[in-house]
Amino acid sequence: MYAIFTLNTIYNWTFVLNSVDSSFQKPFDESGETCDIAMAADFNWAVGGEAGDGIDSTGKIFAQALSRAGRHVFTSKDFASRIRGGYTAYKVRTSVDKVQSVVDRLDVLIALTPRTIEENLDELHGGSVIIYDGERTTMQNVEIPDEMIGLDVPLKRLAEEAGGAIMRNVVALGAACEVAEFPIENLDSALEKRFGDKGQKLVDNNKEAARAGQSYVAKEYDHEFDYDLETTDEDYVLLNGDEAIGMGAIAAGCRFYAGYPITPATDVMTYLTGRIEQYGGHVVQAEDELSAINMALGAARGGARAMTATSGPGIDLMTETFGLIATSETPLVICNVMRSGPSTGMPTKQEQGDLNHMLYGGHGEIPRFVVAPTTIDECFWKTVEAFNLAEKYQLPVYLTADLSMAVTEQTFSPEAFDMDEVEIDRGFVVDESNIDGHLSESGGFQPHEITDDGISPRAFPGTADGAHMSTGLEHDEQGRRTEDTEMRVEQVDKRNRKVETAEAREDWSPREFGDADAENLVITWGSNEGALVEALDLLADDGVDVRVLSVPYVFPRPDLTDAVEAAENVVVVECNETGQFADIVEHDVLERVDRVNKYTGVRFKADELAAEIKATLTTGVEA
Amino acid sequence: MSSDIRFTDFKSDKQPTWCPGCGDFGTMNGMMKALAETGNDPDNTFVVAGIGCSGKIGTYMHSYALHGVHGRALPVGTGVKMARPDIEVMVAGGDGDGYSIGAGHFVHAVRRNVDMTYVVMDNRIYGLTKGQASPTSREDFETSTSPDGPKQPPVNPHALALASGATFIAQSFSSDALRHQEIIQKAVEHDGFGFVNVYSPCVTFNDVDTYDYFRDSLVDLKEADHDPSDRDAAKEAILDSDKEYQGIFYQDENSVPYHEQHGVDEDMSVLPDGAPEGATDLVREFY
């Protein structure tokens, strides 16, 4: 017998896990003591201050320097608000080994404000180094917690000496390099990348500023720090999920993007802007999401690979057009970078709460695919796949990431994005040479031809004899409005048959980690994979063996019945309160009820219903 | 594109279900004639239709077409034209579609100046839902949902267009077949967003804005010595609420359409079998 438990981040870890098995425990306790061994090879660093303090670019420069030095990097951002005055931080975890999660630990913190220290008290430990500028008015009376090492570095003054107060964060980076024993030349390389297009003078000033910070610490603090950030010869690229999605779109031949700015999906649009044009594409900032998705729909009807990206509130608006895309059998990729809802919710916070909306949103019934990449490199590949799926099966594909993945940067080998591996499959498209086989007796093109696999021919505008209307109305094979009950049923069945075809033709396998024979099965979807994979090691240290299935396809999806039934305990991990994916897993392994359905557009009649029920009861369940 | 295209080639084999006498028949005929006269054929034309009586036009015309969601026809047309600059795009909808649920899109489509034609079949009533006030209904026009009239001034679509930076603003009357066709044709030929509001009377639910009313009251701007290149004159005529005009209010002869402004001139439907050439540069950027 198996039992399914849901593990949702909104609950307390310990509470939920205890309900599964009392041998589970929180992987890191508040002091950070239990993770000392596992995390020894890690270095965890952060810069924090107010929005507007240049936190993002400072963090990015450090992350880039580490990446260029052949170290793995995993970044995360705390950002409460974009307006000036809100606390914001950029955190970097680095190791020579692959890192794919954040941890509750900070070794070095550059604190531009007292609040930065307060916000991170739980992650700081005895021995943590806090770099701050005691000459800054707000930092004059700052108290460094016991056992932590405060390095008072006159960031602003040293920056002014190097050429300008604006470089004070770079002074802090230089100080951090000294603490971490990280060769400052690596910082130079990142500074050149960041400021190179603004002139050599600025680059040189920044290098000088960094060295001022470095030598100040070396001179003023006669202290051996425990860190030694060694470098390697590995080449890495550093990118976030939104960028991977944007790059995947260009690689997949996406030529048209329309969107409306919204956190945390905006980066997809800003990435594409200025780049997609170099590959013959175009980005439009629409007046709203209603417009954005309809523009993308128009471009797709024109024969382009088109995409829009948004987050929850935008998905709500786009849902208006969803049925039209699906019923007109238009291939379209709709990227949903999820954030905390409902309504405006917590726009800069993580959640995977839109699953049900993507699966079921919109009136009426219509198939749609939902693809959910589980890692940043997979954001690239699943984007390519989403475009192929959309065109092969001529339907809308939700490509869903979430805030954590969107704004997190991670290092990968450049081979992880091998453009030669990208394949483009445009599905069933006809041209002048073969359109004749798809015309009606009266010569009309049949974009909704009834076929065995449910897939009909597509003709792009400009194709001779291909003129046809696409519509949100129920239609016949030529796309002309119909309310004929037989044709209605044929078209509904045809559209649903595409799902059956896709289920048979494509690989919907989950990604598997951990001990395949373990009695404990943990299932997750989306961006939780990295943290879960790292958690496996910690669980194994505690003697808990776990099999992990990380599911990148929500619909169609792998059949997890056998895995669930083979396990003693089943836990579904997701960032939401109700356990939307857990519901799906439970649904899939349930025994089926008998079903009587009618979708001709005519209501049930008593005599017909009696006969249908009797027939069903006699023949038994149809799964 | 063949040179022997006749306007009837743009007719589908579906018989219109518009009420006998509906203005939309004339509106559609003028559109088809204008498309044929400007050298287009059904296979290189894309018609986007809204929702409502007017939205049925996608069914009755023969071309590539999309009959979409209420109010969103303009964004669809925008997307088609950007992906396919080689295709003639004509968007058609009603006054409800364009000035009520789709009003936001109208303003921005005008601003973008995409090279397409927008025909609004304006009957000043909601016909398909059997007679409710529309955004262009008169203040005292009594309907089932406004028994004492809407008591709000009607939207002035030409003024909205002018204020949004329109480069072509016109008005026609579906019953004045030759003039209507001529105006639509000018809009098709215009380099940019060609906007034509067409008085297209509803014979079933609107007993005020009738054929007779328009015939009696319409003043042709051509006969009123109006200079369409004069924006101030256009403003004066558009804001003149005492008169009903037909003709071209305004045309900016120096209009630069969106695709020229933004360098969008490629047929985006053509793709290689793999990632585009030079795509590896994108990866290198992340070093």
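Modeller: Two strands pair if DSSP finds at least two bridges between them. Strands (E, at least two residues) and helices (H or I, at least four) are DSSP runs, numbered from the N terminus. This is a predicted model: local features need pLDDT of at least 70, side-chain atom pairs count only at pLDDT 80 or more, and totals for chains, interfaces and linings use all residues. Residues are numbered from 1 along each chain as its sequence is written, while chains are lettered from A and ligands numbered from 1 in the order in which they are written.

Now the sheet. It is open, with seven strands of chain A in the order β10-β9-β11-β12-β14-β13-β20. The pairing is mixed. β10 (282-285) and β20 of chain A are the edge strands, each pairing on one side only. From one strand to the next, the twist averages 20°; angles run from 0 to 180 degrees between N-to-C directions, and axes are lines fitted to C-alpha atoms, for helices over the stretch in contact.

Strand β9 (residues 254-259) of chain A runs parallel to β10(A), joined by four bridges. A:Gly259 has A:Gln285 of β10(A) as its bridge partner.

α11 (residues 312-327) of chain A touches β11 (305-310), β12 (332-338) and β14 (396-402) of chain A. Contact means C-beta atoms, placed from the backbone, within 7 Å. The direction of α11 of chain A makes about 160° with that of β12(A). Chain B contributes α3 (residues 73-83), which touches β9, β10 and β11 of chain A. Its direction makes about 150° with that of β9(A).

Key. Contact = placed C-beta atoms within 7 Å.
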